[in-house]
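Have the structure open while you read.

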2 protein chains.
Amino acid sequence: MKSRRLFLLANGVFGLAFLVALVIPVHALGQENASFNSHEVHVDGRITFRYLDANAGKVLLHLEGAAEALPMEKDGAGVWSVVTPSLTPEIYGYSFEVDGQEQFDPHNFEIKDNLVSVGNLVTVPGATLQVWEARDVPHGVVHHRFYTSKVVIGLADGNDYYVYTPPGYDAKKGKRYPVLYLLHGWSDKANGWTTVGKTNFIFDNLIAEGKVKPMVVVMPLGYGDIKFVLNGHGGWDDNAAIDRNVNLFSQALLTEIMPQVESEYRVSKKRDYRSIAGLSMGGLESLTVGLTHPELFAWVGGFSSALGHNDEERFAGVNAKSANLRLLWIACGTDEQLLAPNRKFVAWLKSKDVAVTVIETPGMHTWMVWRDDLARFAPLIFQK
Amino acid sequence: MKSRRLFLLANGVFGLAFLVALVIPVHALGQENASFNSHEVHVDGRITFRYLDANAGKVLLHLEGAAEALPMEKDGAGVWSVVTPSLTPEIYGYSFEVDGQEQFDPHNFEIKDNLVSVGNLVTVPGATLQVWEARDVPHGVVHHRFYTSKVVIGLADGNDYYVYTPPGYDAKKGKRYPVLYLLHGWSDKANGWTTVGKTNFIFDNLIAEGKVKPMVVVMPLGYGDIKFVLNGHGGWDDNAAIDRNVNLFSQALLTEIMPQVESEYRVSKKRDYRSIAGLSMGGLESLTVGLTHPELFAWVGGFSSALGHNDEERFAGVNAKSANLRLLWIACGTDEQLLAPNRKFVAWLKSKDVAVTVIETPGMHTWMVWRDDLARFAPLIFQK
């Protein structure tokens with residue numbers, strides 16, 4: 001039953017074969033990078049992971065969406081391996097734990113860029129291209145912008161944000177676009193929503209299908225003080241540190257980033273054409289900003305929001321009248337620790353007669369859930 | 001004399017202290033990421049590198065700019081360490097070699113994004129901000145664009161290129177800008193010149209100083225067929241594979257990328273306002289395209305160009321009349337294997353009475369040389 005326990009996951013990303021973890025023989029592997037296949041995706045969606053370390057005592061595979069680490073077994077050549085069950089088409093983050101220390105896969109150039117956790121990415125393709133994949137449709141442009149903040153403390157290269165402009169943006173000189181501010185989670189860099197979240201491809205594809213209004217998407221580095229992440233997880237035990245991080249970032253967003261965006265891009269300044277959403281820490285930030293500034297935003301989304309920290313005080317002034325939004329959309333995975341505080345927050349909102357749309361989807365605190373959230377949320381905003 | 005041999009490097013990036021590799025005691029280190037300092041930069045420019053692996057038999061440090069790998073020593077807690085001599089302010093790529101296998105540093109979130117080699121980045125700061133660092137000056141914007149090619153075979157996400165627009169680009173609606181096509185080396189992704197080469201900051205800073213004309217810089221993924229890199233180094237032993245890679249990429253550049261850029265950006269279409277340059281494989285490509293299309297480009301640069309492969313045939317039609325460029329600038333590090341073929345190529349050019357500016361700077365086949373090349377080349381182009 002062990003394999004069942006490992007793979008009865010959770011978020012629907014694992015296929016029907018989860019009951020049997022087939023172990024195929026790992027053939028003799030060369031020592032060179034080019035011939036060492038560390039993440040071999042099979043046609044049936046299984047992945048063979050391999051890690052070379054003849055001296056290690058114990059190697060585990062951490063796979064995004066798996067409830068537990070998967071033990072790997074060593075062969076006579078010092079190659080540790082494990083074969084997953086058949087996996088649903090998705091992008092999977094993973095890392096190896098070698099004698100207690102997380103390691104990158106040195107044979108995979110797809111790195112999950114992150115300020116805290118170590119990891120690579122591997123894609124299980126589907127029969128057709130998924131919504132987060134580059135299809136042969138018109139592509140928007142992702143702009144990377146740098147600014148000097150008087151409010152927040154960012155990385156050595158300064159503070160930055162990414163701006164997605166939809167296909168046709170440059171040609172339609174007279175048109176002003178609706179704008180979505182999309183916030184990443186704790187540990188992400190500003191590129192989280194593009195490099196892992198695939199925001200640009202999701203929008204390209206859904207716009208091409210006519211399901212999403214062409215819009216500008218702004219994805220800023222989302223820390224009030226970069227030390228809130230660089231100092232480690234401990235910040236989440238400190239309500240004052242959380243408040244400071246959220247408040248400083250919110251101030252930079254409202255007084256520095258938004259004015260720059262509205263100066264540099266043809267975006268609407270009307271609340272009905274402004275949205276804010278985010279995942280985890282970014283969900284907390286988007287709910288904080290959105291619910292306390294209904295004059296600025298009419299469409300608010302929280303994906304797996306990092307609630308449960310001083311919520312009563314933070315949202316004390318919120319009520320049905322103040323939060324008269326076009327959409328308040330609160331999503332969470334069903335296998336997340338954050339489900340309970342999200343449900344509690346939703347109950348509190350309802351007690352205040354605040355209208356809220358609640359979405360719970362199968363899954364853990366993973367990018368599978370958030371890419372799916374984005375593909376569900378984007379078609380709802382800026383509609384009549 | 002061992003430390004002298006290791007550090008008499010080479011490219012001038014190591015400081016005066018190279019004769020003595022001081023070894024300071026490595027103090028007790030915690031096991032947690034937050035407290036484990038894997039790349040501790042000291043005020044005098046030395047760096048202590050640390051790698052935790054109690055079971056490894058041998059760990060080496062590969063440091064960009066160092067002629068040889070640096071042996072690391074293990075303490076009782078299983079932490080391997082080495083202290084470098086005092087290093088010149090620079091960005092240093094590095095990796096660990098653990099029992100023969102290259103590994104990332106799992107405690108450094110600055111990854112050197114690359115399709116082949118494993119590595120991280122660490123910066124030794126100077127007394128003032130260097131030319132490749134973000135200063136408090138107006139910043140240009142880096143655009144990331146995706147396109148479907150009918151010519152070349154790219155990565156799963158398709159083919160992409162980055163476009164730097166200088167400060168003020170959006171405001172000056174009537175102005176057309178000169179354009180530099182800047183090509184990366186073998187193993188780089190399209191982001192090589194921005195994430196490691198720091199092109200945007202180099203241009204921001206030199207434009208702010210009035211040393212460089214405001215220009216648009218286009219940085220495409222530079223492979224004719226991505227397999228030329230994914231299949232490993234062996235491609236460089238196959239002249240037909242090299243020619244195919246260069247020719248397919250050149251075709252995509254001329255027939256797909258340039259027309260898109262000239263449609264989407266306000267860039268000049270006159271040869272006097274077009275330049276092409278690149279490093280290593282990109283140097284070979286820029287010399288190939290530039291010398292065979294003088295009607296398109298008037299300013300051509302090759303940095304540590306990967307010459308020495310069928311050069312006579314590739315450049316057979318080039319002569320003083322055909323290559324009537326405003327600038328042909330050929331640079332190489334003095335400690336590179338590519339110095340000999342570059343010198344041979346320069347001699348051949350001179351035998352054809354082709355005017356050429358030759359620059360040799362101290363250094364190996366490293367980004368220190370290429371950032372410096374860019375900062376030297378950019379002020380020369382589009383000048384009267």
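Two strands pair if DSSP finds at least two bridges between them, and the strands themselves are DSSP runs (E, at least two residues), numbered from the N terminus, just as helices are runs of H or I of at least four. With that in hand, look at A:Val142, which stands opposite B:His144 in β10(B). Three bridges join strand β10 (residues 141-147) of chain A to β10(B), and the two run antiparallel.

A word on the ground rules: this is a predicted model, where local features need pLDDT of at least 70, side-chain atom pairs count only at pLDDT 80 or more, and totals for chains, interfaces and linings use all residues. Residues are numbered from 1 along each chain as its sequence is written, while chains are lettered from A and ligands numbered from 1 in the order in which they are written.

Now for the symmetry. Superposing copies here means least squares on the C-alpha atoms of residues with pLDDT of at least 70 in both. Chain B lands on chain A by a rotation of 180° with 0.0 Å of shift along the axis, at an RMSD of 0.0 Å. The two copies are thus related as by a two-fold rotation axis. In chain B, B:His143 has the C-alpha nearest that axis, 2.1 Å away. Both copies use the same surface: 100% of the contact residues of chain B recur in chain A.

Contact means that C-beta atoms, placed from the backbone, lie within 7 Å.

Between the chains, each of chain B and chain A puts in 34 residues. On the chain B side, β10(B) gives the most, with seven residues.

Within chain A, the domain assignment (bounds from an automatic or database source) gives domain 1 (2-124) and domain 2 (141-380). Their centres, taken over C-alpha atoms, are 31 Å apart.

Finally, helix α3 (residues 199-208) of chain A is mostly covered, with eight of its 10 residues buried (20 or more other C-beta atoms within 10 Å of a residue's own, all placed from the backbone). Among the elements of chain A that these buried residues pack against are β10 and α9 (367-377). Just after α3(A), A:Gly210 takes a positive phi of about 75°.

Definitions and conventions: Contact = placed C-beta atoms within 7 Å. Buried ≥ 20, exposed ≤ 12 C-beta atoms within 10 Å, placed from the backbone.
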